[in-house]
Amino acid sequence: MVANLTQTLSLLITANHILDYYSVVTGYGHISVRNPLNNSTFFMTGNGVPPALVRSPEDLDEFYLEDASPATERSLNPMSTSERFIHQALLKRFPSVQSVVHSHSRAVVPFGIGGVPFQPTYHLAGGFIGAEAPVFEIADHYTPNDTQNLLVNKPRFGQALATTFLTPAHNTTTPNDVPAAPDHNLVLQRGHGFTTTGASIPQAVYRAVYTTWNAEVQASAITINDAAAPNRGVRYIAQRELLDTAALDDGAYPRDWMLWAAQVGVNPLYKNDLGDAAIPEPVTTGAGG
């Protein structure tokens with residue numbers, strides 16, 4: 001993780017633009033990062049500004065990691081995201097996670113509601129998706145008095161979502177025994193979208209973009225297979241291949257980031273008042289199941 005705040009926030013601004021460019025986010029959706037100078041807070045898309053139009057630190061919110069309360073007066077803005085609890089819960093529970101992306105991608109939503117498991121279809125997505133992405137069912141956590149609008153806008157919803165990033169074996173352990181890294185890098189949210197994590201901003205963005213692309217490829221493969229005669233079934237990435245493609249997830253994203261940053265850098269829609277920033281070295285996370 002970079003230790004320079006300006007560099008970190010520059011990366012965060014560019015990340016918002018890349019996620020918009022590739023339709024991972026629209027006017028909604030967000031990305032967060034730990035404060036490299038103060039581990040008790042995190043920054044994220046906020047202040048009521050759509051990701052495409054984020055251009056300066058004033059367009060970002062800062063919250064406390066402990067309870068997601070605003071760390072600055074600016075973050076008291078009522079337009080600030082109500083779903084900061086997604087980011088707070090994951091960053092608090094998993095020390096290895098440095099960045100979180102939440103998306104409402106139309107390509108991914110069907111896999112959270114259609115009964116078809118979300119599985120890796122090609123090598124650039126296999127390493128981080130794992131054998132199958134779990135689906136978070138927020139309805140299991142509603143009380144009769146809750147507003148049931150599918151938003152993760154309360155601490156207990158965020159905590160429940162973070163738990164979905166663990167395997168059942170880890171879900172039964174005490175909090176002190178929870179691993180530093182999540183067992184899953186990606187969780188779908190029924191009727192809502194998905195959330196993914198990374199050991200850096202570029203890795204989280206890489207995983208978010210390739211999640212949407214994997215959804216498109218999987219949907220196309222299912223359609224083609226259904227039209228085939230005879231029907232042979234869709235062949236997904238095998239278990240050994242999942243293990244061996246994990247290295248691509250850990251090391252391939254800098255090349256994509258270089259291209260993506262250049263693309264948004266010349267697009268007049270996107271402006272970054274902090275200028276370009278070099279990305280940190282790839283970090284192996286160890287997650288991917």
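Predicted model: local features only at pLDDT ≥ 70, side-chain atom pairs only at ≥ 80, totals over all residues.
**Entry: surroundings of T14.** I located T14 in helix 1, which covers residues 5–21. I then listed its contacts beyond four places in sequence and found W257, A261, V264 and N272. With N272 there is also a polar contact, side chain to side chain, at 3.1 Å.

**Entry: helix 1.** I noted a span of 24 Å from the first C-alpha to the last for its 17 residues, close to the expected 24 Å. I recorded the helix as mostly covered, since 13 of the 17 residues are buried. At the N-terminal end I found N4 as a cap, with a side-chain oxygen 3.0 Å from the backbone nitrogen of T6. Just past the helix, I read a positive phi of about 60 degrees at S23.

**Entry: nonpolar cores.** I looked up the largest nonpolar core, which holds 41 residues. Among the members that touch the most others are L19, I31, F118 and W260. Helix 1, strand 1, helix 4, strand 6, helix 7 and helix 9 each contribute at least two residues. Helix 7 contributes the most, namely eight.

I also traced V205, another of the members with the most core partners. Finally, I recorded a second, separate core of 23 residues, including F42, A89, F136 and F165.

Methods: Residues numbered from 1 in each chain as written. Heavy atoms only, no water. Helix = DSSP H or I, 4+ residues; strand = E, 2+ residues; numbered from the N terminus. Polar contact = N/O pair within 3.5 Å; in protein donor to acceptor, adjacent residues only side chain to side chain. Contact = heavy atoms within 4.5 Å. Expected span 1.5 Å × (residues − 1). Buried < 20%, exposed > 50% of the residue type's maximum accessible area, 1.4 Å probe, protein only. Core = buried A, V, L, I, M, F, W, Y, C linked by side-chain atoms within 4.5 Å.
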